[in-house]
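User: I would like to learn how to read a predicted fold feature by feature. Please give me the general idea each time, then the case at hand.

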Amino acid sequence: MCLTRAALIGCSASCPFFEHRVRPGLAQYTAGTARADVGGPREDGDMTTYHFYTASSLDGFLADPEDDLGWLLSRHFDEKGPMNIPDFQAGIGANVMGATTYEWLLAHGGTDSWPYEVPTFVFTHRELAAVDGDVRFVSGAPSDNRAAIESAAGDRDVWVLGGGALAAAFADDGMLDELTVTFAPVLLGAGRPLFGGARELRLREHAVNGEFLAARYEVLGPREA
Ligand SMILES: NC(=O)c1ccc[n+]([C@@H]2O[C@H](COP(=O)([O-])OP(=O)(O)OC[C@H]3O[C@@H](n4cnc5c(N)ncnc54)[C@H](OP(=O)(O)O)[C@@H]3O)[C@@H](O)[C@H]2O)c1
């Protein structure tokens, strides 16, 4: 069973629904086939680009109130279709996520099947279980960690996986350039919010992929009241 994963994560060999996530992206990473408009190695020495790429319910939740993602993982998403994860991941040099997202990954993949090969920065105030992979626990504001994150990413981009409050903190610190959301055809009514603040956006790209409506936005300044 290779479930959607479309908008969340990556993969590991031992977890079936991770299977087609990270490794296809890495194959493209090493082959250097990243799409220029969604990342890929920069050639101009420009600043690091930060992407918040995620799936959401149509009413703006990343997870239900119990952090369940069954509503997401049961949907069809074509890994080779438009705005897919492997193409996106080909341009990513470092990941960023909050503690809840990290704990969800551990609960569903185990500590010995970490799905990412690029360095991952996990924001937490706690001492969390370690994994067999390049995971760096950090705290403080995103800007406090900017140098370390960008150094780890090298000439590639940064993927902010979530949650929504952490993504908003990155935006507040001027460290969020793009928001890509794949909307699942469901209304959850409650749960973990997509974003923790108000922002203006500019639509850059949209597509239908499987059961999902995907949209990529440029993140602009704070929304005027
Ligand atoms: N739909 C999708 O594609 C998608 C994508 C990503 C995540 N998710 C899911 O959505 C949910 C997100 O959970 P969430 O809203 O709780 O967000 P989260 O960002 O994953 O976790 C929030 C936690 O991260 C820690 N944290 C955040 N900022 C910090 C900072 N500056 N310094 C230190 N620690 C910091 C805090 O934990 P502590 O203080 O307890 O350490 C905070 O409670 C999860 O269930 C995840 O699995 C879904």
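User: How many of the contacts between residues at least 6 apart in sequence join residues at least 24 apart?
Analyst: A contact means heavy atoms within 4.5 Å. In the protein chain, among contacts between residues at least 6 apart in sequence, 71% join residues at least 24 apart. This is a predicted model: local features need pLDDT of at least 70, side-chain atom pairs count only at pLDDT 80 or more, and totals for chains, interfaces and linings use all residues. Residues are numbered from 1 along each chain as its sequence is written, and side-chain values use heavy atoms, with hydrogens and water left out.

User: What is the mean pLDDT of the protein chain?
Analyst: pLDDT is the predictor's confidence in each residue, from 0 to 100. The mean here is 84, and 80% of the residues reach 70 or more. Over residues 1-7 the pLDDT is below 50; this stretch has 34 contacts in the model beyond near neighbours in sequence. Residues 10-41 also stay under 50. For them the model has 93 contacts beyond four places in sequence.

User: Which secondary structure does the chain have?
Analyst: Helices (H or I, at least four residues) and strands (E, at least two) are DSSP runs, numbered from the N terminus. The protein chain has six helices and ten strands.

User: How much of the chain is buried?
Analyst: Buried means under 20% relative accessible area, exposed over 50%, and partly exposed in between (1.4 Å probe, protein chains only). Of the 225 residues, 53% are buried. As for the surface, the chain exposes about 10000 Å², with 52% of that supplied by carbon and sulfur atoms. Those areas come from the Shrake-Rupley method with a 1.4 Å probe; for residues, only the protein chains shown count as cover.

User: Which residues touch the most other members of the largest nonpolar core?
Analyst: In soluble globular proteins, nonpolar side chains tend to be buried together. A nonpolar core is a set of buried Ala, Val, Leu, Ile, Met, Phe, Trp, Tyr and Cys residues joined through side-chain atoms within 4.5 Å. The largest one has 28 residues, and Met97, Tyr102, Trp114, Tyr116 and Trp159 touch the most other members. At least two residues each come from strand S1 (50-57), helix H2 (70-73), helix H3 (85-89), strand S3 (92-98), helix H4 (99-109) and strand S6 (157-162). H4 gives the largest share, five residues. A second, separate core has 24 residues, among them Tyr50, Ala153, Ala167 and Phe170.

User: What covers the buried residues of H4?
Analyst: Start with the residues themselves: Ala99, Thr101, Tyr102, Trp104, Leu105, Leu106 and Gly109 are buried in H4. Their cover includes H2, S3, strand S4 (120-123), strand S5 (135-138) and S6. Glycine 110 follows H4, with a positive phi near 90 degrees.

User: Why do the buried residues of H5 line one face of the helix?
Analyst: Look at the arc, taken from the directions from the helix axis to the C-beta atoms. In helix H5 (residues 146-153), Ile149, Ala152 and Ala153 are buried. Seen down the axis, they fall within an arc of 100 degrees, so they line one face of H5. The face turned away from the buried side carries the exposed residues Ala147 and Ser151. Cover for the buried residues of H5 includes S1, S3, S4, S5, S6 and helix H6 (164-172).

User: Which backbone angles deserve a check?
Analyst: Most residues other than glycine have a negative phi, and most peptide bonds are trans. Aspartate 67 has a positive phi near 65 degrees. Its loop runs between strand S2 (61-63) and H2. Methionine 83 has a positive phi near 60 degrees and lies in the loop between H2 and H3. Methionine 83 counts as buried because its relative accessibility is 6%. A cis peptide bond joins glycine 162 and glycine 163, with omega about 5 degrees.

User: Which side chain makes a polar contact with glutamate 205?
Analyst: A polar contact is a pair of N or O atoms within 3.5 Å; within protein, one must be able to donate a hydrogen and the other to accept it, and residues adjacent in sequence count only if both atoms are side-chain atoms. The side chain of glutamate 205 makes one of 2.7 Å with that of arginine 216. Glutamate 205 sits in strand S9 (residues 199-209). At 17% relative accessibility, glutamate 205 counts as buried.
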